[in-house]
Amino acid sequence: MAEQASGVPAGVDLSRPSAARVYDYFLGGAHNFDVDRQLAEQIAAMTPHLAETMRAGRAFLRRAVRALLADGVDQFLDIGSGIPTVGNVHEVAHAVNPAATVVYVDIDPVAVAHSRSILAEVGRAVVLQADLREPEAICARAAATGLIDFARPVGILLAGVAHFVPDADDPQGVLRRLRSAAAVGSYLVISHATYEDQPPEVLAAQRLSARTDTEITLRSRAEVTAMFGDFAIVDPGVVHLPLWRPDSDADVDAHPERFGAFGGVARLDAAAV
Amino acid sequence: MATSETGDGGADPGGVRRFARNWAAAAAGLGYLPLSFAETADILHGHTLRLAAAVLAGTFDGQAGRDVGRWLVEGHLTEPAVLGWAVQALGEDFLPLVLPQLATSAPARERISHLQGALAEGYARALRNRTFAQQSSIRQAAWSARDAAEQALRDSEVRFRAVFTGAAIGIGLADLDGRIIDVNQAFADMLGYTITELREINVGQLFHPDDAPGMYQFYLELIEGKHDRARVEKRYYRKDGAPIWTDLAVSLIRHDDGRPRFTVAMVEDITDRYELQERLRFQAEHDPLTGLPNRVLFFDRLALALADPDGQVGVCFLDLDGFKSINDGLGHDVGDQLLAVVARRLADSAADSGHLVARMGGDEFVILVTRCTGTPQLVGVAQAALAALAAPAQVDGHQLTVSASIGVVASPTAGTTPTEVMKAADTTLYWAKADGRGRWAVFDPVRGARDVTRSALAAALPAALDRGEFVVEYQPITRLSDRTVSAVEALVRWQHPQLGRLGPDRFVALAEETGLIVRLGRWVLEQACRQASRWRAEHPQAPIVVSVNISARQVSDPQLVGEVAGVLTRTGLPPELLQLELTESAVMATGGEPLPALRRLAGLGVRLAIDDFGTGYSNLAYLRRMPIHVLKLAGPFVEGMRVAGPEGDRDERIVDALVRLAHALNLTVTAEAVETGEQADRLVALGCDQAQGWHFGRPVPAGEITERLSRGPDRTVTGP
């Protein structure tokens with residue numbers, strides 16, 4: 001269990017909405033409660049594209065994981081995994097490489113408990129409750145599961161999670177520490193909400209997100225790009241989500257920026273070490 | 001429905017693909033595709049074939065429709081609009097696209113209608129089941145997470161409870177009303193209660209009037225949320241009444257929104273440490289021999305008393321008379337026992353009044369009177385102290401009578417420092433000693449200031465001599481027979497940089513006390529002889545004598561004779577032109593025997609004069625045997641001659657007698673302090689040989705004497 005600074009374990013407050021369950025609702029799942037649905041509807045009412053944004057984020061993650069699998073990556077660290085129901089990483093990975101391993105990480109105790117029940121029947125995939133802001137602890141515990149060997153290339157997935165780290169908590173520093181754990185050939189996958197190219201209602205939705213335990217911090221393309229540090233960003237770069245290696249042109253419509261998030265993938269090449 | 005009934009051939013492959021792609025496009029446009037578009041279209045292609053097969057089947061049942069409906073849910077194509085699209089497309093587009101040969105077949109259309117219903121049924125059933133399952137699983141997850149959190153809380157609670165229970169330090173929780181919610185065994189043991197008993201006690205009952213001032217107030221402010229923690233040394237009373245000292249730390253625990261909730265107290269029993277501290281403090285503040293407060297505590301209390309802005313404080317500073325001789329004569333052991341007796345008596349004498357009696361060290365004691373009403377009160381205290389010491393003390397078989405001297409100082413508290421008070425007390429004690437011991441003296445600020453000036457002058461003397469701040473002036477001594485200057489008296493002056501010109505009365509006594517008179521006298525002697533030698537060289541036909549005062553200290557200095565001889569040699573002054581003036585007491589210094597030094601001085605050929613003759617207790621018999629040349633009559637007799645009436649007459653008769661006596665001894669007589677012509681005339685009439693005084697000339701710088709000598713043989717002086 002995560003413990004607060006006082007040493008007293010954090011409780012589970014089901015009267016507050018959870019980002020993971022709101023996300024699940026937007027993906028059509030029923031792993032959510034009234035309070036989550038109410039918040040989701042409020043957000044959706046203000047930003048009609050938000051549900052699509054979340055779906056687009058999920059689709060981006062799927063395409064990115066497949067790209068990593070195609071480059072031979074067979075171990076994944078999915079931080080901020082939420083409730084891994086629809087299109088989850090282990091299913092995508094196992095469809096290509098049944099031997100691939102996945103360690104899910106989330107801060108939400110309910111999401112973690114749920115993941116644990118889902119994964120009980122799945123081999124080579126486990127879940128940890130941890131905080132992205134403690135990357136050393138995450139890596140140490142992930143390594144301790146035996147499913148991830150940081151001496152080999154690992155796919156580190158930060159899908160829609162880094163924007164939950166406020167500037168006050170030094171997200172760039174967190175990313176730097178996280179990257180430092182990776183071996184050559186490792187990948188970093190990031191999708192992150194942005195205010196660039198966005199209408200004003202996005203900012204209002206951001207304020208609503210404060211009702212969950214974590215507020216969203218919208219960031220620029222430059223800031224998101226900086227999160228990749230010395231990793232080499234692969235084509236097509238840090239782009240609006242649908243533009244990242246779409247499965248077909250049919251998947252991209254006239255307004256890819258409406259999803260309000262950037263996605264990108266980068267690889268640690270030998271030269272950077 | 002048999003194949004024959006539905007026409008020839010199966011599904012149109014191109015139509016199947018088109019239908020599946022339209023379906024996938026609708027799903028992508030209306031909802032979330034968990035797979036890529038192509039994958040989704042592939043899956044929907046299979047569903048389309050399955051539906052086509054059902055239309056073409058020999059025997060129709062709706063299972064294919066239910067299956068496809070279920071598969072849509074399992075494939076996460078659960079956006080309601082996608083179902084709507086599928087049902088509508090099945091009715092409108094399926095047969096024309098997929099089975100064009102049956103586009104108008106009524107049985108086929110009937111089967112399509114059945115399939116529409118079955119698909120919706122299968123979809124709804126699967127979605128309902130999935131929703132139930134997911135709701136159940138998320139609820140399960142929530143409970144399990146909450147259970148885990150609660151378990152963690154319980155584990156944590158168990159750990160903290162173990163700390164609470166087993167801590168060596170006392171820990172207690174109280175609500176804001178002061179009700180004790182819980183305490184641990186250590187706390188209960190410390191106070192001698194059971195835990196149950198303590199839970200029925202209010203925190204307020206544990207406060208005590210002896211607690212540090214403001215402690216309860218601070219506690220009240222703490223529970224109001226004005227402070228977060230407090231740390232104090234606090235006294236508790238155990239159930240059995242025994243006091244204990246504790247180091248108490250109280251922390252305020254707040255609600256999440258910041259409102260005060262309860263307090264946690266951590267208490268450590270520091271009774272042993274506290275008592276040790278107290279003992280050390282007592283030792284640091286008390287004198288081990290007598291048990292009295294020592295100077296540390298005394299100065300603390302004095303400073304405290306002086307902090308009162310408008311009060312008066314009194315000090316009786318007491319020193320035993322002759323204690324050193326007791327200590328030296330009977331040993332330190334007896335001395336120490338005597339000090340203990342004195343301490344006890346002094347403490348007893350002040351016990352009722354509550355004055356602080358302290359031992360300052362050695363045989364010095366002090367009585368501090370705070371809120372002093374004035375000198376009379378202090379004199380009473382001093383007298384009581386002297387009375388307390390009056391009775392002889394029995395010490396180690398000796399009957400010791402001891403007296404003491406006391407310096408009494410009363411001082412307003414404002415603008416006074418402890419140091420100033422004690423300096424005044426010390427000075428006053430010195431006066432009491434000087435006045436004859438066994439008595440008290442009261443501080444006199446004027447006398448004190450004079451003492452201060454005196455000591456400042458005394459301290460400045462040596463440097464003044466080095467810096468050449470002294471000058472010598474000369475006062476004419478006139479031969480009465482012809483009224484010519486026969487001699488001059490050398491008189492030293494101090495040209496003080498701040499105080500101006502100071503006469504010998506201001507510093508000679510000081511120089512004698514400090515011993516500097518030897519150096520100063522030597523310097524004056526040298527100056528005077530050098531000057532006299534110069535006058536002699538300038539006026540060899542009319543030599544004048546220079547008369548130099550020699551102090552008792554100098555007379556007893558064994559080097560004096562050698563020095564005088566040396567000066568005479570160095571300056572070339574004939575010995576008979578040097579006259580040394582000595583007081584009677586200097587001459588009679590040792591047992592009335594004339595000093596051998598005088599004989600040797602006389603042997604040098606130097607003239608000797610007795611200064612201020614008639615004021616001491618001269619032994620005429622010895623006077624007769626001494627090598628004296630001149631008697632200088634003390635000023636008071638001459639001054640008395642100015643007074644008309646019986647007293648003046650009497651002084652005149654005394655002068656007459658002294659002149660006759662001197663002449664009988666073959667001595668020259670010089671009258672001092674002659675201020676009027678009338679006095680001069682009478683002295684002439686009485687046969688006095690020489691005279692000096694303002695009538696004949698004040699002391700002047702050497703240059704003026706030189707001038708007067710230069711006026712030639714007529715050195716007659718007729719007055720100022």
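## How confident is the prediction?

Let's start with chain A, whose mean pLDDT is 84. In chain A, 88% of the residues reach a pLDDT of 70 or more. The stretch to treat with care is residues 1–7 of chain A, where the pLDDT is below 50. Beyond near neighbours in sequence, this stretch has ten contacts in the model. Where pLDDT is low, the predicted coordinates should not be read in detail.

## Where the two chains meet

Chains A and B touch each other: 27 residues of chain A are in contact with 27 residues of chain B. On the chain A side, the elements that give two or more residues are helix 3 (50–70) and helix 5 (109–119). Helix 5 of chain A provides the largest share, with six residues.

What kinds of residues make up this side of chain A? They divide into 15 nonpolar, nine polar and three charged.

## An overview of chain B

Chain B has 720 residues, and 36% of them count as buried. Its secondary structure comes to 28 helices and 22 strands. Among the contacts in chain B with a separation of 6 or more, 64% are between residues 24 or more positions apart.

## A helix with a buried face

Now take a look at helix 15 of chain B, which covers residues 375–390. This helix has 16 residues and reaches 22 Å from its first C-alpha to its last, close to the 22 Å expected at 1.5 Å a residue.

Strand 11 of chain B is itself mostly covered, since eight of its nine residues are buried. Strand 11 of chain B runs antiparallel to strand 6 of chain B, and nine bridges join the two. As one example, Leu318(B) has Ile406(B) in strand 11 of chain B as its bridge partner. Strand 11 of chain B is also joined to strand 12 of chain B, by three bridges, and these two run parallel. There, Val408(B) stands opposite Val442(B) in strand 12 of chain B.

A few backbone details are worth a visit. The peptide bond from Asp235(A) to Pro236(A) is cis, with omega near 0 degrees. Pro236(A) lies in the loop between strand 6 (232–233) and strand 7 (239–240) of chain A.

Two arginines also stand out. Arg245(A) has a positive phi of about 45 degrees although it is not a glycine, and it lies in the loop between strand 7 and strand 8 (261–267) of chain A. With 17 other C-beta atoms within 10 Å, Arg245(A) is partly exposed. In chain B, Arg437(B) is not a glycine either, yet has a positive phi of about 65 degrees. Arg437(B) lies in the loop between helix 16 (418–434) and strand 12 of chain B. Arg437(B) is partly exposed, with 14 other C-beta atoms within 10 Å.

Key: Residues are numbered from 1 along each chain as its sequence is written. Chains are lettered from A and ligands numbered from 1 in the order in which they are written. This is a predicted model: local features need pLDDT of at least 70, side-chain atom pairs count only at pLDDT 80 or more; totals for chains, interfaces and linings use all residues. Two residues are in contact if their C-beta atoms, placed from the backbone, lie within 7 Å. Helices (H or I, at least four residues) and strands (E, at least two) are DSSP runs, numbered from the N terminus. Ala, Val, Leu, Ile, Met, Phe, Trp, Tyr, Cys and Pro count as nonpolar, Asp, Glu, Lys and Arg as charged, and the others, Gly among them, as polar. pLDDT is the predictor's confidence in each residue, from 0 to 100. The expected span of a helix is 1.5 Å times one less than its number of residues. A residue is buried if 20 or more other C-beta atoms lie within 10 Å of its own, exposed if 12 or fewer, and partly exposed in between; C-beta atoms are placed from the backbone. Two strands pair if DSSP finds at least two bridges between them.
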